Amino acid sequence: MADPARIALLGVRHHGPGCARQVVAALEELQPLAVLIEGPVDATDVAERLADEAMKPPVALLCYPQDDPSRAAFWPFAVFSPEYQAILWARRNGRPVRFIDLPSTERFAANPADGDADEASAAKAEDETETESETETETETETETDDGLVRDPIAVLAGAAGYEDGESWWSGLVEENPAPGRVFDAIGDAMTALRADERRVPAREMRREAHMRLQIAAAMRDFDGPLAVVCGAWHVPALRARVPLARDRELLKGMKKAKSAATWAPWTAPRLASASGYGAGVRSPGWYLHLWNGHDTGQVTTRWLAKIAALLRAKGHLAPPASLIEAERLAVALAAIRERSSPGFEELRDAAIACLFHGEATLWRSISDELLVGADVGEIPDGLPLAPLLEDMKRQQKAARLKPEALERDLSLDLRSDSGLFRSTLLHRLTILGVPWGVQAGSGSSRGTFRETWKLRWDPEYAVSLVVNLVHGPTIERAASGMLHERLRNAASLHRIAETVLDAITADLGTAAEAGIALLRHQAALSSDCLAVLRSMPPLADIVRYGQARVVESGSLSQLLEQLTTSSAIEMEYAGRNLDADAAREFVQALRQADAAIRLVEMAPDVVAQWEDGLLRLVHAAATAPLVRGAATHLFYEAGRLDAAEASTLLESRLSPGTPAADAAAFFEGFFEAAARRLVIDAPLRQCVDRWLCGLDEEELLGSLPLFRRVFSPLDATERRRLLDAAVGKTSSGGPAGLVPARDVDEIWQRQMRTLAAIFGAEGEGA
């Protein structure tokens, strides 16, 4: 048992500015000989490095087994974390710091006593962060399970106090309260009451608390004087309990040991937020940072509203001083009504929405992320061992002769050279890992050529992304490969698999590419979804095309692409039937991209002919959606299977007065959405469209204007002028010629001009 005369148990929330202030005050009063902190015991040697002057939170303690760095875990610290402030106090006062929790490597070794054989594999989950203290921090709907284990004690206490939200209750009582009193005694008593009825504690939780009790006992033998323990509030009753040391040792008997490494890594404010999936996260890191920085000024409310006003003004909205004054008055009044000692986050939010946002919560949401979460990125001192991925990143940057710079610069690469190919491969691998140091110009439009153009700009947050990706592998290559293998396991469609294979090939990740190709063949053989097959064809064509610039065995993939082309040609007639507007648009997009993919690679003539025959069946099938029929007609025409006269005849039949206006408009959109320039040079098509437009009544024309403007939007000013001149038969004298009888020239001229002006906007007025 911890001797209350010598041991001060400071139960905290792991990221709370109020708790942090109270910890510092308690340490000043107690003046302990050592500070014990809930953290992995094998990281004690690096604990005091957190207090280095060059260390800028947020940062994270990174621990991993030496034989497998990918099995890493993180313990984040903010400037307002009680543990961080306790370490700073210890450094200022020359007192040693010890971590007392289970060693980090223990969490990776599944222990049969846990009843959870999947714990080790779960540790490799993407973006994993330390969640040992989640029972102190998360607010869940269900607060007690059938086994009597309280999952969220804060929610229980909040409910007892009449609050709907555990976070609001804790913040109002502890974090935002300027004078909370002796909080640690109260917190300990509350947690003791909550755990009194606890019928079962998970095996790992029992081992953790046993380990901490043993570490406290060892510290009592080493230091003849007061000690302070900073731990999650939930553990306070267990650390107070009278438990024989022999029983704790028995509980830990057989615990697997492994060599571990520990260091510090930069972190970001968004990753401290509970919305990021971090179990011990807080709802509003930006608000808590503001509380920590502004507590001593006595102007927390005023300065918070000033931040809101600055963000509003930066986005072009008004924020008058009078409205700010009213918002502060309203916040104070709301706090009084709600019986709070001072305005908290909710009062300030409600007051701001009422007085500054005119009651529009949508406007509040436009600034809330920037305000409540922030974008701070931590820094670590030079000389600290780097995380394995960061070490590898430095090596790769040196080998590629690329310096990380905050300024944007262009980089042109020739893939025929070793250096160009190496740089391209590195940038593609980083993109897979969510580190867009380089962005391909034109959204990757240069794929399949020997030249790539990139825009480079390094963001400090990329270092954090690399650290988090350590769970996929200890090097850039292995981490990117691990990420793609995970993506393949989760791929739900053919085109996602094909895109992943393309990523693997462009990043020179052979094992991932082989696994993806095998999965692609298997899924393609089983798939009967024409839309999914069509979507998978463009990435496959890119893979075949990429054989020009990368060493790719594309023969079997070419055969697979031909098989998919044949099967989709057969199925498309049925897949294009009776589609609603959204489904038809989705199908047309996939159809156009698949056709472009077929034209991109050299396929057998008979396969191309089968594809074009499938397009023709789409054109003539009675149940084909009009938008799909129009797109298929255009693709068939562009393939050279229709001459201009045949296309004009077919178009005129689909735009005839007997066709419902909506169906005619959809066909027109499908045909000309990607071919508006055809109307400039193709007189038969232009005259057909001209007659159709002139036949529309005013209501039909107005209803179709958004469609027309969307279709003609790709035309530049010169092309629009040429189309206008051609459409009205304009002569050198400025009048119409050739399209209409002379007796009706003036009337029809004026109508044509009004129609074209409505379609093209003001440009048509002067045509």
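How many bridges pair E8 with strand E10, and in which sense? I looked: six, antiparallel. (Strands, E, are DSSP runs of at least two residues and helices, H or I, of at least four, numbered from the N terminus; two strands pair if DSSP finds at least two bridges between them.)

Before going on, I noted that this is a predicted model, where local features need pLDDT of at least 70, side-chain atom pairs count only at pLDDT 80 or more, and totals for chains, interfaces and linings use all residues. Residues are numbered from 1 along each chain as its sequence is written, and side-chain values use heavy atoms, leaving out hydrogens and water.

**Sheet.** I found E10 at residues 451–456, and its Glu 452 is the bridge partner of Leu 413. The open sheet has three strands, ordered E8-E10-E9, with antiparallel pairing. E8 (409–414) and E9 (438–440) are the edges, each with a single partner strand, so one side of each has no neighbour in the sheet. I also saw helix H18 (residues 418–432) lying across E8, E9 and E10, at about 120° to E8. (Axes are lines fitted to C-alpha atoms, for helices over the stretch in contact; angles run from 0 to 180 degrees between N-to-C directions. Contact means heavy atoms within 4.5 Å.)

Next I checked the loops. Pro 57 and Pro 58 are joined by a cis peptide bond, omega about 10°. Pro 58 sits in the loop between helix H2 (44–47) and strand E3 (59–65). Asp 508, not a glycine, has a positive phi of about 55°; I placed Asp 508 in the loop between H21 (494–506) and H22 (510–526).
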